[in-house]
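Hello,

The structure you asked for follows below. My notes on it come after.

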Amino acid sequence: MSTRIPRRLAAALLLVPLALPLAACGSDESDDEGGGGGGGGGGGGGGDTTLTVLAAASLTDVFEEAGELYEEANPGVTVRFSFAGSQELAAQVTQGVPADVLVTADTETMAGVEGETGEPTVIARNELTIVTPPDNPAGIDALDDLADPAINLVLAAPEVPAGRYGREILDRAGVEARPDSEEPNVRSVLGKVRLGEADAGLVYVTDAASAGDDVLSVPIPEEQNTLAEYPAATLDGAERPDEAAAFVEWLSGDEAQGLLDDAGFLAP
Amino acid sequence: MRRRPPLTLAVPALFGVAFLLTPLLGIVADAPWSGLGERLTDPAVTEALRLSLLVSGWALVISLAFGVPLAWLLARTDFRGKTLVRSLVLLPMVLPPTVAGVALLQGLGRRGLLGGPLESLGVRLPFSTAGAVVAAVFVSMPFLVISLEGALSGLEPHYEEAAATMGAGPLTTLRLVTLPMVGPALAAGAALCWARALGEFGATITFAGNLPGATQTLPLKVYLLLQDDPAGATAVSLVLLAVAAAVLIALRGRWLAPGGASPG
């Protein structure tokens, strides 16, 4: 018979993971002097506010930075992000996810949830690029090379903006590319290229920049490229509509625009 | 007469049941019953269904081919590191499937441990149906091994000893005596293994990617449908729910009592 863990120890071990998040919640609440906190999230009655921002996967790095900056400038406000494919975020909004702000990677997805958002503002633009592993094993030089059935090509699913833009670009260039996988968001396309599983993928210029030397970027000429627009809007279901509106406005301001510019986004 | 359970147990137990039941009722209540046939015969759905059956079928075949000998070895022989092997077999059951997918990429992906040798053999697993099968085998084979090993361990060894004294070799004994006796447990393990393979999502999307007709199985289709067409996602979920329920009904709780298999 194998060695047995004493029962009490086992019970204690089982309780540890249960107790940890509870303890974390407890300390959160003790910070909040006002007590009597409102609905969900960490937001209480008094000074502390948690803004939940649903953002397109391609905004991951720059928004995390922007969030920190915003929190510094606005003490008492915590910005929490949920990054996913725009279409998935829109689906979450339709299903009533508790959140305050939505930022998608295309105006079409934003228009699809028109009834549940405030007036959207375009905060940035972006372009697509081909990415390959650093050594470019398949020797990709241009869009035409993506038609080669022998290469491992990964695109975003046609449901998400990056996938739609990518297909637009390929169609317009008359390239008949057959992807080997349609990833649920643009960041997983980047991931598959970074891992070396894919020979090429289509991602945003900013995604390629965020991966640094892990990927090689093969630019798509401007006349073949397409311009992605990122609209931001408050959600009608926002628990704190005023703070949500302030955040959306801040995104168009100099500070946020500087960050977006640094990350390679184009001005709206 | 049956004892009435004390309220302190019955009430939380009822909550437990309600908690498990509510989401399932949600699917049934929300299902687009009127357009169900139309949605389920949609070519995109039937393609995912066909692929799911193909992938889970192959996963079952491969799991049987490797899992039955493995279960026999664990139950019938003693060797150093047996506990370790058993833990290894159990690991995929408790491992998050996405982690399984990452592990498969690092082990069998193009840049993974065996990526080079596999590529020189012309085998490419990521982004291929074969990759989806590998992901399904990885997460589902443990169900077969554990179920069968339990039954084998609970089996009285003297039937096998008797066969051996009559001159049957180990393989003949396994085929003619042991396996028929653990038949029900083997069937139960196979059914669970197949159902798990059919439901596999995380390892598949991580390791094999998502491509209609090649790696987009029903669970992946549900995930993507939910973004575009929630009613369609509910319809497909209903099918998977029905399959899962059918498997459990067919088993009638048999897998809970491994070793309960009786000869004959």
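At what angle do the axes of helix 10 (residues 183-199) of chain B and helix 13 (residues 230-251) of chain B cross, and within what distance do they come? Please keep in mind that this is a predicted model. The two axes cross at roughly 170° and come within 10 Å. Angles over 145 degrees count as roughly antiparallel, so helix 10 of chain B is roughly antiparallel to helix 13 of chain B.

From helix 10 of chain B, the residues that make this contact are B:Ala188, B:Ala191, B:Leu192, B:Trp194, B:Ala195 and B:Leu198. Helix 13 of chain B contributes B:Leu240, B:Val243, B:Val247 and B:Leu251. By class, the contact of helix 10 with helix 13 of chain B has 10 nonpolar residues, no polar ones and no charged ones.

Next, a helix pair in chain A. Helix 8 (residues 241-252) of chain A packs against helix 9 (residues 254-262) of chain A at an angle of about 55°, and their axes are 5 Å apart. Because of that angle, helix 8 of chain A is oblique to helix 9 of chain A. On the helix 8 side of chain A, the contact uses A:Trp250, A:Leu251 and A:Ser252. These meet A:Asp254, A:Glu255, A:Ala256, A:Gln257 and A:Leu260 in helix 9 of chain A. The classes in the contact of helix 8 with helix 9 of chain A are four nonpolar, two polar and two charged residues.

Now the interface between the chains. Chain B gives 20 residues to the contact and chain A gives 24. Together, chain B and chain A bury about 1900 Å², with 48% of it on carbon and sulfur atoms.

How many salt bridges are there between chain B and chain A? The count is three. In a salt bridge between the chains, the side chain of B:Arg111 meets that of A:Asp135 at 3.6 Å, N to O. Between chain B and chain A there are also 10 residue pairs in polar contact, both residues being at pLDDT 80 or more.

On the side of chain B that touches chain A, the elements giving two or more residues are helix 5 (97-108), helix 11 (202-208) and helix 12 (218-228) of chain B. Helix 12 of chain B supplies the largest share of that side, five residues. Sorted by class, the residues on the side of chain B that touches chain A are 10 nonpolar, six polar and four charged.

Regards

Terms used:
Residues are numbered from 1 along each chain as its sequence is written. Chains are lettered from A and ligands numbered from 1 in the order in which they are written. This is a predicted model: local features need pLDDT of at least 70, side-chain atom pairs count only at pLDDT 80 or more; totals for chains, interfaces and linings use all residues. Side-chain values use heavy atoms; hydrogens and water are left out. Axes are lines fitted to C-alpha atoms, for helices over the stretch in contact, and angles run from 0 to 180 degrees between N-to-C directions. Helices (H or I, at least four residues) and strands (E, at least two) are DSSP runs, numbered from the N terminus. Angles under 35 degrees count as roughly parallel, over 145 as roughly antiparallel, 65 to 115 as roughly perpendicular and the rest as oblique. Contact means heavy atoms within 4.5 Å. Ala, Val, Leu, Ile, Met, Phe, Trp, Tyr, Cys and Pro count as nonpolar, Asp, Glu, Lys and Arg as charged, and the others, Gly among them, as polar. Buried area is the accessible area (1.4 Å probe) that two parts lose on being put together, summed over both. A salt bridge is a side-chain nitrogen of Lys or Arg within 4 Å of a carboxyl oxygen of Asp or Glu. A polar contact is a pair of N or O atoms within 3.5 Å; within protein, one must be able to donate a hydrogen and the other to accept it, and residues adjacent in sequence count only if both atoms are side-chain atoms.
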